[in-house]
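Thanks for coming, everyone. Let me put the sequence and the model up on the screen, and then we'll walk through it.

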Amino acid sequence: MTQSGPLGEPDADPATTALLTVECQNGVVGEESALPELAEQARSSGMLARVAALVDAAHGVGVQVLHAVAERRPDGLGANANARLFRAAGRLPVRQLSGSPAVQVAAPIEVGPRDLVVRRLHGLSPIAGTDVDALLRNLGIRTLVVAGVSSNIAVPNTVFDAVNLGYRVVVPADAIAGVPPEYTAEVIRHCLALVADVTTTEALTRRWGTAR
């Protein structure tokens, strides 16, 4: 792992860096979330606002932004049923149905005209079995900034998949969230910091600010 110290200023050249927001959608982190405890943590901690700030900074310097959205068909066709999490999701009062408000990117995040929204109907990762890797390679991306939810499942999956595919990964520690909140700090320290450059929203936006 290379980084400029713990929570340091990362090497994230705008020309070869992309920002991936993970499941920052209404049905997950919005006010009418299917997962209210996670949504409350994402909003009250300031995480969602910091993701919005990262997206805004990325837009300002031409960093490519991708939004990874998890959704399912009303009939559930193609969705996983091989874990308790998937089966429970099918019984939640708010379902992430394709085309519904639940799968729209949540405020205050602004989706720019050049942003790519990548949707998946299966699995736990925004990268495995989706278009993300091909899109990143076609764009000449070498570094991937990962932000969003949750630190319990989707974010670690994303980080490991990206590392296994050869990308350098940057994780703004204050721009991811999970439950309970103390778990996020532990997974960053004992897991993500072993394979990714851990930084902060402020350090990353400052890095991009110097590239203007």
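Which residue in β5 is the bridge partner of leucine 144? It is valine 169. Before I go on, some housekeeping. This is a predicted model, where local features need pLDDT of at least 70, side-chain atom pairs count only at pLDDT 80 or more, and totals for chains, interfaces and linings use all residues. Residues are numbered from 1 along each chain as its sequence is written, and side-chain values use heavy atoms, with hydrogens and water left out. When I say helix or strand, I mean DSSP runs numbered from the N terminus: H or I with at least four residues for helices, E with at least two for strands.

Back to the strands. β4 and β5 pair in the parallel sense over three bridges; pairing requires that DSSP finds at least two bridges between two strands. Strand β5 covers residues 168-172, and four of its five residues are buried. Buried means under 20% relative accessible area, exposed means over 50%, and partly exposed is in between, with a 1.4 Å probe and protein chains only.

Now β2. Seven of its seven residues are buried. In a regular strand the side chains alternate between the two faces of the sheet. Here, Gln64, Leu66, Ala68 and Ala70 point one way from β2. Val65, His67 and Val69 point the other way. β1 pairs with β2 in the parallel sense, over five bridges. In that pair, leucine 19 stands opposite valine 65. β2 also pairs with strand β3, residues 116-120, again parallel and over five bridges. There, alanine 68 faces valine 118.

Next, helices. Which residues of α2 are buried? In this helix, residues 36-44, they are Leu38, Ala39, Gln41 and Ala42. Down the axis of α2, these buried residues fall within an arc of 165°, so they line one face of the helix. The arc is taken from the directions from the helix axis to the C-beta atoms. On the other side, Pro36, Glu37 and Ser44 are exposed. What do the buried residues of α2 pack against? The list is α1, α3, β4, β6 and α7. Contact, throughout this talk, means heavy atoms within 4.5 Å. Just after α2 comes glycine 46, with a positive phi of about 90°.

Then the pair α3 and α8. Helix α8 is residues 201-209, and α3 packs on α8 at an angle of about 10°, with the axes 10 Å apart. Axes are lines fitted to C-alpha atoms, for helices over the stretch in contact, and angles run from 0 to 180 degrees between N-to-C directions. The two helices are therefore roughly parallel to each other, the term for angles under 35 degrees. From α3, the contact uses Arg50, Ala53, Leu54, Ala57, Ala58 and Val61. From α8, Thr201, Leu204, Thr205 and Trp208 meet them. Those residues divide into seven nonpolar, two polar and one charged. Nonpolar here is Ala, Val, Leu, Ile, Met, Phe, Trp, Tyr, Cys and Pro; charged is Asp, Glu, Lys and Arg; the others, Gly among them, are polar.

Now some single residues. Is glutamine 25 buried or exposed? It is buried, at 0% relative accessible area. Glutamine 25 sits in the loop between β1 and α1. Leaving aside neighbours within four places in sequence, its contacts include Gly30, Ala68, Gln96 and Val105. Glutamate 23 is in the loop between β1 and α1 as well. Glutamate 23 is buried, at 12%.

Proline 74 lies in the loop between β2 and α4. Proline 74 is exposed, with a relative accessible area of 60%. Beyond its neighbours within four places in sequence, proline 74 is in contact with Arg95 and Leu97.

Most residues other than glycine have a negative phi, and most peptide bonds are trans. Glutamate 23 has a positive phi, near 55°. The peptide bond from alanine 107 to proline 108 is cis, with omega near 10°. Proline 108 is in the loop between α4 and β3. Valine 149 and serine 150 are also joined by a cis peptide bond, with omega about -10°. Serine 150 is in the loop between β4 and α6.

That's my tour. Over to you.

Definitions and conventions: Parallel < 35°, antiparallel > 145°, perpendicular 65-115°, else oblique.
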